[in-house]
Amino acid sequence: MSKILDAKIPSGPLADKWDRHEMECPLVAPANRRKFTVIVVGTGLAGGGAAATLGELGYNVLNFCVQDTPRRAHSVAAQGGINASKNYQNDGDSVERLFYDTVKGGDYRSREANVYRLAQLSMGIIDQCVAMGVPFAREYGGTLANRSFGGVQVSRTFYARGQTGQQLLLGVYSALSRQIAAGTVKMFPRHEMLDLVIVDGKARGIVCRDLVTGEMKRYAADAVVLATGGYSPVFYLSTNAVNCSATSIWRAYKRGALFANPCYTQIHPTAIPQLGDYQSKLTLMSESLRNDGRMWVPKAPGDKRRPADIPEAERDYFLERRYPAFGNLVPRDIAARASKVECDAGKGVGNTGFAVYLDFADAIKRLGRDVVADRYGNLFTMYEEIIADDPYHTPMMIYPAPHYTMGGLWVDYNLESTIPGLFVAGEANFSDHGANRLGASALMQGCADGYFVVPRVVAGYLARGGLGKVTTDHEAFGAVEDEVRKRYDALLAVKGSRTVRDFHWDLGRVMWDKVGMSRDRAGLEQAIVRIRELREAFWHDVKVPGEAADFNKQLEMAGRVADFLELGELMAMDALAREESCGGHFRAEHHTPEGEARRDDENFMHVAAWEHKGDGQAPERHVEPLAYENIEVKTRSYK
Amino acid sequence: MSEMTIHLKIWRQARGAAKGNFETYTVEKVLPEMSFLETLDLLNEKLTRQGQQPVEFDSDCREGICGTCGLVIKGTAHGPNPKTTTCEVRMRHFRDGETITVEPFRAGPFPILKDLVVDRTAFDRIQQQGGFVSANTGSAPDGNAVPIPKIDADKAMDAASCIGCGACVAACPNASASLFVSAKISQLSYLPQGGPERGRRALLMIGQMDREGFGDCSNHGECEAVCPKEISIENIARMRREYFKGALGGHDRKAASGD
């Protein structure tokens, strides 16, 4: 029976909910905190921030990451910035406006109470990061600088050149380092969580593989926090790091946590186009470039002239034409789809025809080369190294690429999944961005969840008591470890003929073609069949070299791809069930005469959360209805 | 786009083995626009199909920001091009038929885990000694409460750009970690928030660098030459001043006396 999920949103006026909830959360006395152990998986802004803050409060924290050091979590790669409703620019920003922009940007598919809390917490994040020594960009007067991002009409984005994620993550890493030295956080780098252990219905531990020795290890705790990021590499080619995976959240899903809105994926409009089949990833060019860059294609299909030879009158600045109010700074889903429309009409540029121009000539004329270099120099250098062309002289060529996943494990207002004691933070959960995330909001959510929300709600959970002593000798740990061991031995035992990458590549093509920027019923049905075939083939024909008890990157990847081969199917099923277009989810059957996404609020103004019913069984779709009590639901327009 | 044949002379070392050796492999159909790591991927695909052991190497973001990758290519940390990480190196910088030597970042404090993978956790232990501002979550004043001159913020940012890859150590004849350590000490010394712990930070971080077995800086400048993020060697001079001020009690010597 399909369930109606309760998000446990506190009662009372929207603006007071979080304050009241904080007040009502029971506390753990300082002297008792060290008696509680909390496992945090992931060391990005959400995981590292949560681990460090829980450590500062005095809890005993075990923190895990697959990287060789916590400073390399994928938050490090975020370029453009972090939003906060500080209104330092006096341009009319406020908590209300950030809240409104985020709900609208998410195409009215996010939870009001969560988004409002995010907007409230945004200000404290900036203060905290400044206090930790994060070198944000500043004006000559010494105050913090801001820039604009897509989907908004204020300047609320704080940044550190084109390396904002790196600087925020190094802030987290420094706080974490301090707690490691203080003995409150124990760090486990090069450890991959491969399963969740549940005792008496509560999350009580994890099983990890030590990626250096290959040893399987068990860790017990009173609560588990997953902050393991998103699942864009299900597309194989994405802007994500090559070790990003869904494995932690997918394993939790298979243990009973619901997976919400898996089909909500963000295809970022401005990445360097794919060059060939050998490629291992796509490189993002920050959204901040759209502050000064203008996107265009030739007006005539098939125009193969060099961009400099195409006169102004024969260029189509398609975003400025279609969306005059927001121009080049429309949200990502809109810009990506608009680029696809132009390329599908034969107006794409470059060798493949799957690229559009992002042109800085006007900005250089207006501001001078030095100012442009100061703002975007590192991005221009990256572009030039990859494409061997100078964007100061020739427009950049860009094309959309999988970048972020709004879907993730379902959580209530407390960021608690449907498994008691299992909390999910950052990109790994689904909670704040609806069907499309606005630029510079991922760092905001990671920091908000990590520094402020998780420490409070986990304390509330622990303080409520009822947690008996559980050690890794408990039979549940033995059973889970056995399953994990069997799964990894099975991967090695196939000894087939095709590599892990072969399967990952094939899966990626299916996902991109059928579950990518535009989806339709027939394509999704084909995708489901094809993914099942691929999964079957994988377990009969994959070739994984080496041994389990060794450093073995291919085996690591095999485990992750095995999970992507299951997740991909759920994404297609979710996309099939959602008979509407909203945000990043575009169903070709549902659009306005102008080609814009057409929502069906009557039937789909809800979160879809899927329950695993066993391998080979159809998962069950539950819903959480979304109520908009403080915001008027409209057709999203950026015209 | 002309395909190239590339010979890779690669350091192989089993996990836990005391000794390793070079093995030479040939990779065909290498395209000039491929990245160096994608060429290694191609080699590993070939080795896997042939039933041989793939070459282990570390990489993650593959866009030059995470600091995971790090190989000595043709004798230079991160390869012959300045200002790039290993993952950003493109094959157009090599010739058809060329033999390219590939080694791990070698240094006593960076033990080899397997093949080209090294253990750089010594860097983490240095950071843990003082590479932070002791500001608990929730204790911060408004972000604009303390104005910071743009020039100081920019210099702090220059130093903060360090990605912790360890190329500076691999390039240094003394295996010194001075550029890495000085980048963090400099960053926090330019910012008022780093002020209260300046002396203690320098003494403790440098003390840990010594204990990890990194060598002293003798101004060769190799570190700056290979640094993919252009961290300036001026930071090392600044670190020395911070250290002396700390040692002479100019900052907060008492706090560090437990070391």
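# Exercises on Chains A and B

The centres of domain 1 of chain B and domain 2 of chain B, taken over C-alpha atoms, are 30 Å apart. The model is predicted: local features need pLDDT of at least 70, side-chain atom pairs count only at pLDDT 80 or more, and totals for chains, interfaces and linings use all residues. Residues are numbered from 1 along each chain as its sequence is written, while chains are lettered from A and ligands numbered from 1 in the order in which they are written.

## Exercise 1. The domains of chain B

Task: State which residues form domain 1 and domain 2 of chain B, and describe the contact between domain 1 and domain 2.

Solution. 
Step 1. Domain 1 of chain B covers 4-114 and domain 2 covers 120-256; such bounds come from an automatic or database domain assignment.
Step 2. Domain 1 of chain B gives 18 residues to the contact, and domain 2 of chain B gives 17 residues. Two residues are in contact if their C-beta atoms, placed from the backbone, lie within 7 Å.
Step 3. On the side of domain 1 of chain B that touches domain 2 of chain B there are eight nonpolar, eight polar and two charged residues. Here Ala, Val, Leu, Ile, Met, Phe, Trp, Tyr, Cys and Pro count as nonpolar, Asp, Glu, Lys and Arg as charged, and the others, Gly among them, as polar.

## Exercise 2. Chain B as a whole

Task: Determine how many helices and strands chain B has, and what percentage of its residues is buried.

Solution. 
Step 1. Chain B has nine helices and seven strands. Helices (H or I, at least four residues) and strands (E, at least two) are DSSP runs, numbered from the N terminus.
Step 2. Along the principal axes, the C-alpha atoms of chain B fill a box of roughly 60 × 40 × 35 Å.
Step 3. Of the 259 residues in chain B, 57% are buried. A residue is buried if 20 or more other C-beta atoms lie within 10 Å of its own, exposed if 12 or fewer, and partly exposed in between, with C-beta atoms placed from the backbone.
Step 4. Among contacts in chain B between residues at least 6 apart in sequence, 72% join residues at least 24 apart.

## Exercise 3. The packing of H3(B) and H5(B)

Task: Describe how H3(B) and H5(B) cross, and name the residues that meet.

Solution. 
Step 1. Two packed helices are described by the angle between their axes and the distance between the axes.
Step 2. The axes of H3(B) and H5(B) come within 8 Å and cross at roughly 160 degrees. Axes are lines fitted to C-alpha atoms, for helices over the stretch in contact, and angles run from 0 to 180 degrees between N-to-C directions.
Step 3. H3(B) is therefore roughly antiparallel to H5(B); angles under 35 degrees count as roughly parallel, over 145 as roughly antiparallel, 65 to 115 as roughly perpendicular and the rest as oblique.
Step 4. From H3(B), B:Asp152, B:Lys155, B:Ala156, B:Ala159 and B:Ala160 meet B:Ala183, B:Ser186, B:Gln187 and B:Tyr190 of H5(B). By class, this contact has five nonpolar, two polar and two charged residues.

## Exercise 4. B:Leu188 and the contact with chain A

Task: Describe the surroundings of B:Leu188, and then the contact of chain B with chain A.

Solution. 
Step 1. B:Leu188 lies in helix H5 of chain B. With 27 other C-beta atoms within 10 Å, B:Leu188 is buried.
Step 2. Leaving aside residues up to four places away in sequence, B:Leu188 touches A:Gly133, B:Val133, B:Gly194 and B:Arg201.
Step 3. The contact between the chains takes 67 residues from chain B and 63 residues from chain A. On the side of chain B, H1(B) supplies the largest share, seven residues.
Step 4. The residues of the side of chain B that touches chain A comprise 25 nonpolar, 23 polar and 19 charged.
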